[in-house]
Amino acid sequence: MASSSSYNSPCAACKFLRRKCMPGCIFAPYFPPEEPQKFANVHKIFGASNVTKLLNELLPQQREDAVNSLAYEAEARVRDPVYGCVGAISFLQRQVQRLQKELDAANADLLRYSYTDIPPASLSVPPGLASFQHVPQRQFTARFGNEATGFYRQSTATAYSFPYALPWTDTSSEDISEGGAAGGNL
């Protein structure tokens, strides 16, 4: 009688399919006997014959990644039969979008707070921009509040003066009178 140390138990796939595990079994390296649920999920979702065909068509170095992907997708499909791994991906994408909005809001707050600490007189104009000093300075005030509710509180204490004209805020009469749809020639 052979000792238990020399006895090789069949892989989880062969055990599940109730067949003898041969030395060249394609499932043995990827479905060890300690993980029977891994193969059970893959078999339930994809079928053993489809997995066999897929593994036989792949190069040996690609098989482990393919089995890991199949196992992940099968487990996700067992947990969520309707959406499977797409549900998890959608959840993560929404979470990334929410966190990106939070990051943008935090960066806007940092900019707003950093501009309140810098007095406008301490700004120096770089030498190359000395010719633009004749441009009138614009005053900007920060708005605090919730855009969804429409409630804003104007803060005049956070005014910041830019030493140059911003193109999207320039409302000088020469821009308006030069024609175009926004001109006063209508």
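How do α3 and α4 run relative to each other, roughly parallel or roughly antiparallel? Before I answer, this is a predicted model, in which local features need pLDDT of at least 70, side-chain atom pairs count only at pLDDT 80 or more, and totals for chains, interfaces and linings use all residues. Residues are numbered from 1 along each chain as its sequence is written, and side-chain values use heavy atoms, with hydrogens and water left out.

Now the helices. Helix α3 covers residues 48-57 and helix α4 residues 60-79; their axes come within 9 Å and cross at roughly 150°. Axes here are lines fitted to C-alpha atoms, for helices over the stretch in contact, and angles run from 0 to 180 degrees between N-to-C directions. Over 145 degrees counts as roughly antiparallel, under 35 as roughly parallel, 65 to 115 as roughly perpendicular and the rest as oblique. So α3 and α4 are roughly antiparallel to each other.

On the α3 side, Val51, Leu54, Leu55 and Asn56 make the contact, meaning heavy atoms within 4.5 Å. Their partners in α4 are Arg63, Val67 and Leu70. By class, that contact has five nonpolar residues, one polar and one charged.

Next, the cysteines. The structure holds zero disulfides, a disulfide being a pair of cysteine sulfur atoms within 2.5 Å. For cysteine 14, the closest cysteine sulfur is in cysteine 11, 3.5 Å away, which is too far for a bond. Cysteine 25 is in no disulfide either, and its nearest cysteine sulfur, that of cysteine 14, is 3.6 Å away. Cysteine 14 is buried at a relative accessible area of 1%, and cysteine 25 is buried at 13%; buried means under 20%, exposed over 50%, partly exposed in between, with a 1.4 Å probe and protein chains only.

Terms used: Helices (H or I, at least four residues) and strands (E, at least two) are DSSP runs, numbered from the N terminus. Ala, Val, Leu, Ile, Met, Phe, Trp, Tyr, Cys and Pro count as nonpolar, Asp, Glu, Lys and Arg as charged, and the others, Gly among them, as polar.
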